[in-house]
Amino acid sequence: MTAGTLAANGLRSARIALVGPPNSGKTTLFNTLTGSRQKTANYPGVTVERKSGLLRTPAGHAVEVLDLPGSYSLRARSPDEAITRDVVLGRQQRETLPDAIVCVTDATNLNQHLRLLLELRPLGRPLILALNMMDIAQKRGCRIDTEALARELGIPVVTTVAMRKHGVHDLLARIDALLSGPQTETGVTATANWQEPSPDAIRGYHHEVERVLRQAVVVEGVPAHFSRQLDHVLLHPIAGPLILLFLLFLIFQAVFSWAEAPMDWIDGGMASVQQWLSGHMADSLLKSLLIDGVITGVGGVVIFLPQILILFLFILLLEDSGYMTRAAFLMDRLMSAAGLNGRAFIPLLSSFACAIPGIMAARTIAHPLDRLVTILIAPLMTCSARLPVYVLLIAAFIPNITVWGGVGLQGLVMFALYAAGIVGALLVAALLRLTLLKGGRQPLLMELPSYKWPNPANVLLGLWDRVKIFMRRIGTIILSLMVILWFLSTFPAPPAGGTEPAIYYSFAGLIGRALEPLLAPIGFNWQIAIALVPGLAAREVAVAALGTVYALSGDEGAVTEALSATLAQNWTLATALALLAWYVFAPQCLATLAAVRRETNSWRWAAFMFVYLMALAYIAAFITYRVALALGEAEMWQDALALLIVALAGLALLRPYIRLRLFRTGACRKEGNTSVASAPPHSGCGGCTLGSGCAKPRNRIDSANNQRDEKTFQQTSP
Amino acid sequence: MKLSSESERQAFQLGCAVGLGFTQPLGQMRPGGMGRILAVSGSDRDIERGLLEMGFVEGARIEVLHHGWLRRDPLAVRINQTMTVALRRCEANAVLVGPLLDQEPEALAVRLGEPALS
């Protein structure tokens, strides 16, 4: 085989892997190379996406291009980077060693990006260096002698401008030349013997990069000032957070208002399909399955597609422009108080629309533990499916009056429910980080790339990817869950003389009635217990289910209105409040659990999430119910509210004294000896020719540190 | 004065900078502060390697650009005028920064009055 050429042996298309640091324009290059002929799958066992695409070179070779996750080094720090390493080394299951590696680097940042190439070089695989973003480098006045670079590195070098179609011409020609040349089998042992580079090896790579660049860079460009100046505003200690807040407000606004019309269309479409079916089909089980199971259930999830799309549009735009890392920068300190990473901010934000895209967005968090914690708390963010339930119960039980300065009490309660979710999420995150998911706090080492205009093709392809993933999930796991739930709430059929609604006699009814003694301590009656079972499909289905239980019929609006009145008569305030508290926490959404199962690749974590959220919901509902009962039913709610406000005020006053020092000091104390100031590195002191003089500066620095510590202590103490 | 090996040169440079009181951990620097990295270390090799991989290497020129709005954490640091990296103060303290010497350490030593060490 060694003598043949890859193109000639014709057994399979050649495979080329794109490897490069994040922000090197790798994905843009990939999109330009392959266009829409892309396929997104998953690597077995992990949630890392495998992106591949087909490409036909000018000489007619078919090439499969693999876009590997961005990585600064072969020493993997995250699951994504581990995939890059394993594919390049041929260790990934079901993935053969790529025939050639294209190392993509940002030409404006060569002295940081070339190091990866030097790590790849000893592997002995055919290698091409692509100097990407060459146009930007040239605009900055930078001139690179590519021939000298190729000579010094011993590797073919091409320049690319990934944003433009013709910018990849040289690269395609190189690939052709490589595929027509003799195929070599070298590098197999080199990849097998690969070891993680030691710190000193990395230093060596840095020196080598410097040497090469001294030879190859003719004129060093002027660094870009645009990003710097923009950062002065966007990362400003006061303006920065305000701008972020404004952006978040804008996104929220867009998610809820722009999506309204398309959501109505989907709703209307589903309703007309339902009507058409009920008009044209004879009463049968199949009809019931289609209408009550498939359309109602799946429609209840599909309806969130517009919101998800708008949300992801914003996320992709922010991601592509480079602002997302700035948002993570601004939020990192806040999030790390709960043991989270700054990057967890976006997934949690997404979860306000729906937890499923939020859980999907957690992929951007590199560290597995941080990612897991973020996934586990994402369902605590109040998603829009809870709104119908909240609206129903608030309308039924909370009087529509204004308190203090024109703030509506109903709105206040709604806000409190949102706040309860956020506070609960942060507490759970902190608790998880202290107990189950202990483990060193991961360092934040994040490149802040230069700002650039988002590339429309990247954004559209990214959006299309999300739609495909979402629809595939609906088509498979969600659909099957809905069918099972329909089965449970339909069979067995009610007996001939049954006086209760049909669902009472079904399996769902049985389950609900069996659960009733368990739910009685938190004030739930059998009607609620039954409604909770189909409510597992999607939270808002519980409203329809309650309608069924109380034997109401009509379209959704009418049911809600009638139900509101019925509930106000039949339930106590304590029960309603307990149900609200339940809904803040309860994992009333199987689709979310399925998403967790997929993203964590284990039923164990999905089950864990289910159990902990159930426990939390039960405890919260129990406390709410008992407190509400103790405060004496309907008349006392004002006192309860007053008490709550007093408690909050007290907390606010005491805040300086209550310090969650756990994470702040814990992590740094553990790593305290990483500080150079307290321990000079390199055994520099041993070889230091200053001899005894060494102790003096050391003391000086130590005492200077002590002074600083005292100073900060004085600043922070009240 | 003879400084034969690279490590001796580095040690000497470090000694000079420390002697002049010009060094500080990166975590203590304020926005606008500039310098050259003298040493990157850490009891945790992974942190050391992580820092090195992001470009925090001895001899690199750095400039602190911004800090976070809450407790002035994390930091945004520009490395070699090409790349900006965000990191927490905690990890930044593993990087020791000296003055932005544009001369060779020998020249600095002359300015110091040539300590008796040849």
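# Reading strands, salt bridges and an interface

Mentor: Start with one pair of residues. Val102(A) has Ile128(A) as its bridge partner in S6(A). Keep in mind that this is a predicted model.

Trainee: In which sense do strand S5 of chain A and S6(A) pair, and over how many bridges?

Mentor: Strand S5 of chain A covers residues 100-106. This strand and S6(A) pair in the parallel sense, over six bridges.

Trainee: How many residues of strand S6 of chain A are buried?

Mentor: The cut-off comes first. A residue is called buried when its relative accessible area is under 20%. Strand S6 of chain A runs over residues 127-132, and six of its six residues are buried. So the strand is mostly covered.

Trainee: Which residues of S6(A) point one way, and which the other way?

Mentor: Leu127(A), Leu129(A) and Leu131(A) point one way. Ile128(A), Ala130(A) and Asn132(A) point the other way. All of these residues are buried.

Trainee: On to charges. How many salt bridges does the structure hold over all chains?

Mentor: The general idea is simple. Side chains of opposite charge can pair when their charged atoms come close. Over all chains, the structure holds 23 salt bridges. One of them joins Asp67(A) and Lys26(A), with the closest N and O atoms 2.8 Å apart. That pair links distant parts of the chain. Asp67(A) lies in strand S4 (residues 62-67) of chain A, and Lys26(A) in helix H2 (residues 26-34) of chain A. They are 41 residues apart.

Trainee: Are Asp67(A) and Lys26(A) buried or exposed?

Mentor: Both Asp67(A) and Lys26(A) are buried. Now take another pair. Arg50(A) and Glu95(A) form a salt bridge, with the closest N and O atoms 2.8 Å apart.

Trainee: What parts does that pair tie together?

Mentor: Arg50(A) is in strand S3 (residues 49-56) of chain A. Glu95(A) is in the loop between helix H3 (79-89) and S5 of chain A. Arg50(A) counts as buried because its relative accessibility is 14%. Glu95(A), at 9%, counts as buried too.

Trainee: How many residues apart are Arg203(A) and Asp200(A)?

Mentor: Arg203(A) and Asp200(A) are three residues apart, about one turn of the helix, and both lie in helix H9 of chain A. Their side chains meet in a salt bridge, 2.9 Å from N to O. Check the accessibility of each partner. Arg203(A) has a relative accessible area of 7%, so this residue is buried. Asp200(A) has 54%, so this residue is exposed. Salt bridges can also share partners. In this way Arg75(A), Glu196(A), Asp46(B), Arg49(B) and Glu53(B) are joined into one network.

Trainee: What is the area buried between chain A and chain B?

Mentor: The size of an interface is often given as the accessible area lost when the parts come together. Here the area buried between chain A and chain B is about 5500 Å². Carbon and sulfur atoms give 59% of that area. In residues, 59 of chain A are in contact with 61 of chain B.

Trainee: How many salt bridges are found across the interface of chain A and chain B?

Mentor: There are eight salt bridges across this interface. Arg203(A) comes back here. Its side chain meets that of Glu58(B) in a salt bridge, 2.7 Å from N to O. Several elements of chain A each supply at least two residues of the side that touches chain B, including helix H9 (199-216), H10 and strand S12 (445-447). By class, that side of chain A has 25 nonpolar, 19 polar and 15 charged residues.

Trainee: What does Ser227(A) touch?

Mentor: Ser227(A) is in helix H10 (residues 226-234) of chain A. Not counting residues up to four places away in sequence, Ser227(A) touches Ser450(A) and Tyr451(A). A polar atom of the Ser227(A) side chain lies 2.9 Å from the backbone nitrogen of Tyr451(A). Ser227(A) counts as buried because its relative accessibility is 9%.

Trainee: What order do the strands of the open sheet have?

Mentor: The open sheet has seven strands in the order S12(A)-S5(B)-S4(B)-S3(B)-S2(B)-S6(B)-S1(B), with antiparallel pairing. S12 of chain A and strand S1 (24-25) of chain B stand at the edges. Each has a single partner strand, so one side of each is left without a neighbour in the sheet. Look at the edge pairings. S12(A) pairs with strand S5 (residues 83-87) of chain B over three bridges, and Met446(A) has Ala86(B) as its bridge partner there. S1(B) is joined to strand S6 (residues 95-98) of chain B by two bridges. In that S6(B) strand, Leu96(B) is the bridge partner of Pro25(B).

Key:
Residues numbered from 1 in each chain as written. Chains lettered and ligands numbered in written order. Predicted model: local features only at pLDDT ≥ 70, side-chain atom pairs only at ≥ 80, totals over all residues. Heavy atoms only, no water. Helix = DSSP H or I, 4+ residues; strand = E, 2+ residues; numbered from the N terminus. Buried < 20%, exposed > 50% of the residue type's maximum accessible area, 1.4 Å probe, protein only. Polar contact = N/O pair within 3.5 Å; in protein donor to acceptor, adjacent residues only side chain to side chain. Contact = heavy atoms within 4.5 Å. Buried area = accessible area lost by both parts, 1.4 Å probe. Salt bridge = Lys/Arg side-chain N within 4 Å of Asp/Glu carboxyl O. Nonpolar A, V, L, I, M, F, W, Y, C, P; charged D, E, K, R; others polar. Pairing = 2+ DSSP bridges.
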